Amino acid sequence: MKKQISVVGAVIVRDGLILCAQRGAQGNLPGMWEFPGGKIEPGETPRDALAREIYEELHCTVAVGELVATTTHEYDFAIIELTTFYCELLDGTPVLTEHEAVCWLPPEQLMMLEWALADVPAVQIIEKAMTS
């Protein structure tokens with residue numbers, strides 16, 4: 001039986017651009033792009049976990065907004081349940097502590113990146129919502 005892991009991802013929007021984060025060479029899914037975030041700890045709400053993770057990973061403060069999507073994807077290492085939320089950057093400039101790179105892209109260019117498969121449904125929802 002594969003491990004099930006609940007994670008959250010931040011769709012940080014600034015000036016119509018979306019923050020995309022590239023996973024480092026170490027660990028699972030090396031080099032893939034994702035929405036920054038991480039695991040939900042016991043006793044945390046998804047929104048609380050996301051605010052904490054963004055502060056830890058990027059040294060930024062965000063206001064967690066509306067739900068984008070919850071998707072489940074089975075990887076070879078685990079079953080990931082990813083819940084993404086729109087977020088507003090309140091304070092800070094993203095600092096790379098865990099990621100290889102970050103970039104800001106307009107919604108219509110998001111699919112040019114190689115996304116982790118759990119993130120793809122959210123990418124498609126955002127692209128449709130922000131370009132229509």
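A: A salt bridge is a side-chain nitrogen of Lys or Arg within 4 Å of a carboxyl oxygen of Asp or Glu. Side chains of opposite charge can pair when their charged atoms come close. The model here is a predicted one. It holds five salt bridges.

Start in helix H1, which covers residues 46–58. The side chains of Arg 52 and Glu 56 form a salt bridge there, with N and O 3.1 Å apart. Why can these two meet? Arg 52 and Glu 56 are four residues apart in H1, so about one helical turn separates them.

Arg 52 has another partner. Glu 44 also forms a salt bridge with Arg 52, and the closest N and O atoms are 2.6 Å apart. Glu 44 has a relative accessible area of 22%, so it counts as partly exposed. Glu 44, Arg 52, Glu 53 and Glu 56 are joined by salt bridges that share partners.

What does Ile 54 touch? Leaving out residues up to four places away in sequence, Ile 54 touches Ala 10, Ile 12, Pro 36, Gly 37, His 59, Cys 60 and Val 62. Val 7 is 47 residues away from Ile 54, and their C-alpha atoms are 12 Å apart.

Now turn to another charged pair. Glu 34 forms a salt bridge with Arg 23, and the closest N and O atoms are 2.8 Å apart. This pair links distant parts of the chain: Glu 34 belongs to strand E3 (residues 33–34), Arg 23 belongs to strand E2, and the two are eleven residues apart. Arg 23 is partly exposed, at 23% relative accessibility.

Glu 34 has a further polar neighbour. The side chains of Glu 34 and His 99 make a polar contact of 2.7 Å. His 99 lies in strand E7. At 9% relative accessibility, His 99 is buried. Its contacts reach several places. Beyond four places in sequence, His 99 is in contact with Ala 21, Gln 22, Arg 23, Glu 34, Pro 36, Glu 57 and Leu 58.

Gln 22 is in strand E2. A polar atom of the Gln 22 side chain lies 3.0 Å from the backbone oxygen of Gly 31. Apart from neighbours within four places in sequence, Gln 22 is in contact with Gly 31, Met 32, Trp 33, His 99, Glu 100 and Ala 101.

Strand E7 (99–105) leads on to a loop, and Pro 107 lies in that loop, between E7 and H2. Pro 107 is buried, at 4% relative accessibility. Which residues does Pro 107 contact, beyond four places in sequence? They are Gly 16, Ile 126, Glu 127, Met 130 and Thr 131. Leu 82 is 25 residues from Pro 107 along the chain, and their C-alpha atoms are separated by 20 Å.

H2 has twelve residues, 120–131, and at 1.5 Å a residue it should span 16 Å; its end C-alpha atoms are 16 Å apart, which agrees. Its buried residues are Val 120, Ala 122, Val 123 and Ile 126. Seen down the helix axis, these fall within an arc of 155°, so they line one face of H2. The buried residues of H2 pack against strands E1 (4–14), E2 (17–23), E5 (61–74) and E6 (79–91).

Two of those strands deserve a last look. E5 and E6 run antiparallel and are joined by eleven bridges. A hairpin of four residues connects E5 to E6. Thr 61 has Asp 91 in E6 as its bridge partner.

Definitions and conventions:
Residues numbered from 1 in each chain as written. Predicted model: local features only at pLDDT ≥ 70, side-chain atom pairs only at ≥ 80, totals over all residues. Heavy atoms only, no water. Expected span 1.5 Å × (residues − 1). Buried < 20%, exposed > 50% of the residue type's maximum accessible area, 1.4 Å probe, protein only. Arc of directions from axis to C-beta. Contact = heavy atoms within 4.5 Å. Polar contact = N/O pair within 3.5 Å; in protein donor to acceptor, adjacent residues only side chain to side chain. Pairing = 2+ DSSP bridges.
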